[in-house]
Amino acid sequence: MTCGPGDLPGRGEIGADLPELLEDSVEDLYDNAPCGYLSTLPDGTIVKINATLLRWLGRERDAVVGRMSLPDLLTVGGRIYYETHFAPLLQMQGELGGVALELKTAGGARWPVLLTATVTSDAEGRPRLVRTVVFDARDRRAYEEELLRARDEAERERDRVQRLARTLQQTLLPPVLPDVPGMQVAAYYHPASLDQVGGDFYDLFPLTGDTWGFFLGDVSGKGENAAVVTSLIRYTLRGAAVYDPDPAGVLRHLNTVLYQAFEGTYPRFCTVLYGSIRPDGDGAVMTLAGGGHTPAVVLRADGTASLLHLRGGQLVGALPEARFVVAEVRLAPGDAILLYTDGLTEARTGVDSWYSEEDLRDELSGLAPPTASGVIDAVNRLLVGLGAGVEDDTALLALSVPSRESGRA
Amino acid sequence: MSDDAFSVSLHQVETGVVLAVRGDLDAYTSPQLLEKIGGISLVRGQVLVVDLSGTRFCDSSGISAFVAARNLAATAHAGIVLAAVPRQILRVLGMVGLDSLFTISPSVQDALSAHRAGSG
């Protein structure tokens, strides 16, 4: 003979006792089943309920049958759900399964359950009775709460990481740009990711007399490793700038430090523009050294824009003897210069097209007269427009000489 | 967005190694290329050909992988050729001043036959 998996005794024990086991009557099975049974009239009035469910509810049969309806057994939220969803859907479909609700016990406690219901109809097809099976869902609810707790925990952790990344980023950038006499300066940093420290950096600081030093660059890679390199670059440049008045000399110094620091390990280098600027009559003269960086945009008072190419300058830290190229630019009243990192000019504008330096130059021509803050605002609008195309961090630094009109005002 | 399409494969050839890159080279994909480069062994007189025909884009972190490849080849006294370099990458190489560091070849076949002619 065979027996189903539901038979409790092992195969060998079944035999003569079987008829006795089958005395497990239908009534007993109904009353003491491991789930609740409930029969209600179409209006919800309870006409039959098993002992299991009564035990869960902590109520007596007489107090329930004919006196209460299914919604009376639910919490307030459950009652609303019953009226707005459960009952109408059941009426429409004739059956409903796996609805999660909460019972309210006589003691006032909540008891999470899953309800499955079917409608039986009379000969004319009119609904006669609703049979509902009630499953205990306390374990499932505990599991769901555990999942929610884990999710909250993960979200808190992510917030913490983002805060840490932001704080670390701030230590790599000047908190506010200093006031430079006779100049307007503005900067902006656009992080591509909230939880990764980017590899972009810039700074502006006083040198001897009325000369100011500044730099802007981009480290290969991202994350905590890039942050270590960025920190080293920033302090090396500021240190070298103090005693070496030649911008190319400052970059050579940085090259030596970076090359020696990371030689033989994961190669780390940066592209950078380093310069100094000093007042010159009614304008300013800027000396700019390039180490493989994207060309600065020079914006003239009349609205024309051009790229300041420093061709031949090599990236910093990759080669023992790198070559750097220097140019001098005079900024007249109303002129401005923009330094930027390649997050902007490598923004994707199509499957096979990227925003280029020339696009940026063309976009910025026509600002007359260009001011440092006006240029940063214009690029900001551009970044918003490029949106998700900007996959890398972007740093911007702009300097301008006030126009004669605004200078007089 | 480009990450899942990225792959690097190595082929040993008689005169050296061909490293084929497929997909964009950026801060997220370049470490995979660097790792592959770390596993390449070259002997004196061989050539490392980096096949870029399956690539369209490279940023400064991709350049770091090229420099690593170049350093590896230099240490082994082997040559290095970038083959089928797309315009955008040529432009970036020029921008960072490294175009003079590499031999540029129109295709892998050209690179390998030029190397044979040069060493033979």
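Is A:Glu146 buried, partly exposed or exposed, and what is its relative accessible area? In this predicted model, A:Glu146 is partly exposed, at a relative accessible area of 43%.

**Close-up 1. Salt bridge between A:Glu146 and A:Arg149.** The closest N and O atoms of the two residues are 2.7 Å apart. Both residues belong to helix α6 (residues 138–172) of chain A, where a spacing of three residues separates them by about one helical turn. A:Arg149 is partly exposed, with a relative accessible area of 48%.

**Close-up 2. Salt bridge between A:Arg238 and A:Asp203.** The closest N and O atoms lie 2.9 Å apart. Because A:Arg238 is in helix α7 (residues 223–243) of chain A and A:Asp203 is in strand β7 (residues 200–206) of chain A, the pair ties together parts that are 35 residues apart in sequence. A:Arg238 is partly exposed at 32% relative accessibility, whereas A:Asp203 is buried at 1%.

**Close-up 3. Salt bridge between A:Asp280 and A:Arg330.** The N to O distance is 2.6 Å. A:Asp280 in strand β9 (residues 270–280) of chain A and A:Arg330 in strand β13 (residues 325–331) of chain A are 50 residues apart.

**Close-up 4. Packing of helices α1 (residues 30–38) and α2 (residues 60–75) of chain B.** The helices pack at an angle of about 5 degrees, with axes 9 Å apart; α1(B) is therefore roughly parallel to α2(B). The residues of this contact comprise eight nonpolar, four polar and no charged.

Key
Residues are numbered from 1 along each chain as its sequence is written. Chains are lettered from A and ligands numbered from 1 in the order in which they are written. This is a predicted model: local features need pLDDT of at least 70, side-chain atom pairs count only at pLDDT 80 or more; totals for chains, interfaces and linings use all residues. Side-chain values use heavy atoms; hydrogens and water are left out. Axes are lines fitted to C-alpha atoms, for helices over the stretch in contact, and angles run from 0 to 180 degrees between N-to-C directions. Helices (H or I, at least four residues) and strands (E, at least two) are DSSP runs, numbered from the N terminus. Angles under 35 degrees count as roughly parallel, over 145 as roughly antiparallel, 65 to 115 as roughly perpendicular and the rest as oblique. Ala, Val, Leu, Ile, Met, Phe, Trp, Tyr, Cys and Pro count as nonpolar, Asp, Glu, Lys and Arg as charged, and the others, Gly among them, as polar. A salt bridge is a side-chain nitrogen of Lys or Arg within 4 Å of a carboxyl oxygen of Asp or Glu. Buried means under 20% relative accessible area, exposed over 50%, partly exposed in between (1.4 Å probe, protein chains only).
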